[in-house]
Amino acid sequence: MFEERSKVSYDETNERVRIIEEIEIGEDRDYYDVLYLHNIGKEYRLNFKTRQCNVTQLTRPFRPFGVPPDAEFEGSATLGVSGLPGEFITIENFAGYLQREGARYFGFVTSPDCYPVQTNFVSNDTGLVTMSFFDINVGITDPNIFIPPPDCFK
């Protein structure tokens with residue numbers, strides 16, 4: 001009864017994430033603009049329907065979308081038609097344990113570029129969290145995306 005669809009802007013170097021969310025719980029649907037600035041420990045959450053903005057301290061650590069440094073390689077696979085140029089992609093599977101979060105990690109990235117395809121985290125606090133990625137654009141095309149929404153300063 002829960003689904004979230006998002007457009008994500010991500011800056012691993014400066015630990016910043018901007019998410020435009022559509023959240024569906026049962027029959028209810030809400031829309032948010034959420035900015036996580038881990039580099040200063042703040043979260044800005046703007047409800048598009050009500051225009052109310054909540055600014056709070058971040059309590060969870062920054063979670064990179066890539067493969068954690070201590071994750072172990074578990075195998076690789078081909079998606080698509082192997083042998084036909086431009087019709088397949090090789091993915092690699094990694095798994096590990098995130099000590100500071102007390103969570104298991106498993107995920108898939110492209111090879112050789114290491115772009116995330118899917119990441120999964122399992123912990124007692126959150127249960128299973130799965131993120132699937134598509135339509136990835138490399139680089140930050142608009143650096144202003146990491147500026148808090150103006151409604152958060154009214």
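**The disulfide and its strands**

A search of the whole structure finds one disulfide, that is, a pair of cysteine sulfur atoms within 2.5 Å. This is a predicted model, in which local features need pLDDT of at least 70 and side-chain atom pairs count only at pLDDT 80 or more, while totals for chains, interfaces and linings use all residues. Residues are numbered from 1 along each chain as its sequence is written, and side-chain values use heavy atoms, with hydrogens and water left out.

The disulfide joins C53 to C152, with an S to S distance of 1.8 Å. The link of C53 and C152 is right-handed, with 85° about the S-S bond. C53 lies in strand β5 (residues 53-57) and C152 in the segment after β10 (127-132), so the pair ties together parts that are 99 residues apart in sequence. Strands here are DSSP runs of E, at least two residues long, numbered from the N terminus. Both C53 and C152 are buried, meaning under 20% relative accessible area (1.4 Å probe, protein chains only).

Strand β5 runs antiparallel to β4, and five bridges join them; two strands pair if DSSP finds at least two bridges between them. Within this pairing, C53 in β5 is the bridge partner of L46. The hairpin of β4 and β5 has five residues between the strands, and R51 in the turn has a positive phi of about 65°.

On to the pairing of β4 with β3: strand β3 (residues 28-37) and strand β4 (residues 42-47) run antiparallel, joined by six bridges. There, L37 stands opposite K42 in β4.

Technical notes. Helix = DSSP H or I, 4+ residues; strand = E, 2+ residues; numbered from the N terminus. Buried < 20%, exposed > 50% of the residue type's maximum accessible area, 1.4 Å probe, protein only.
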